[in-house]
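Dear colleague,

I am handing over the structure below, and I would be glad if you could look through it alongside my notes.

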Amino acid sequence: ALTTFTGQNMGAKKYDRVKQGAKTGILMSVLTIVCISALLLILGPNVLAIFSSDPTVINYGLYMMHILAPGYIFLAISHAFNGIIRGAGIATVPMIVMVTCWCGLRMAWILTSVPLFHDIGVVFMGWPITWIASALWLFLYRRKRLMGGLVEFSTEYAWVQKQLLSEMAMPYAIADSEGHLIWMNSAFGAVVKEDKSCRKSLTAI
């Protein structure tokens, strides 16, 4: 949803809405995941009992749940920043961050920590650690580069929009509140037999 919201408002050049929407979206994501995590921690034994009645399995499941649940906040933040940045037309960076943190860093953590500690909890910690890393990376990137991406995207979008309108077969023109022509495409100029630079009133054509 944040990807679509960001893209639409950037196209409309409503950058204040992009910023406000980003803040609201992140807050909603965090609040939602906090509620879900709280429910999982409270109802953990009942939820795990759906999949197994073995007490050992349930104990390990609760152990994993208690390690992962606090980290879900950073998972929500990562997904929110990911959507915002992709909505700004920057798709490569989120992909690199996710692959690097959630695959590369997680595997590196497991390969280095497990031989040292020999505890399944160390494996479970690989998830929240990499979620924190991706959230921090995307947050720093967003602060430094997103506004530059917004400006670049809006410039390219405006140019493409102007080209499409100019070459559109349907006559198209823009007038001010008094009916004076401000801009017209080639098709409109051909219909009214006027040059694009013409500033006549619509009533005079």
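This is a predicted model: local features need pLDDT of at least 70, side-chain atom pairs count only at pLDDT 80 or more; totals for chains, interfaces and linings use all residues.

The protein chain holds 7 helices and 2 strands, and, read from the N terminus, its elements follow the order α-α-α-α-α-α-β-β-α. Of its 205 residues, 36% count as buried, while the accessible surface of the chain comes to about 12600 Å², with 68% of that belonging to carbon and sulfur atoms. Among the contacts with a separation of 6 or more, 55% are between residues 24 or more positions apart.

Turning to the helix pair, the axes of α1 (residues 2-11) and α4 (residues 55-87) come within 7 Å and cross at roughly 30°; since angles under 35 degrees count as roughly parallel, α1 and α4 are therefore roughly parallel to each other. Their crossing is right-handed. On the α1 side the contact is made by Leu2, Thr3, Thr6, Gly7 and Met10, and on the α4 side by Ala80, Gly83, Ile84, Arg86 and Gly87.

The loop residue is His118, which lies between α5 (92-117) and α6 (120-167). Its phi is near 55°, a positive value in a residue other than glycine, whereas most residues other than glycine have a negative phi. Because its relative accessibility is 66%, His118 counts as exposed.

Terms used. Residues are numbered from 1 along each chain as its sequence is written. Side-chain values use heavy atoms; hydrogens and water are left out. Axes are lines fitted to C-alpha atoms, for helices over the stretch in contact, and angles run from 0 to 180 degrees between N-to-C directions. Helices (H or I, at least four residues) and strands (E, at least two) are DSSP runs, numbered from the N terminus. Angles under 35 degrees count as roughly parallel, over 145 as roughly antiparallel, 65 to 115 as roughly perpendicular and the rest as oblique. A crossing is left-handed if the near helix is turned anticlockwise from the far one by less than a right angle, and right-handed if clockwise. Contact means heavy atoms within 4.5 Å. Buried means under 20% relative accessible area, exposed over 50%, partly exposed in between (1.4 Å probe, protein chains only). Accessible areas come from the Shrake-Rupley method with a 1.4 Å probe; for residues, only the protein chains shown count as cover.
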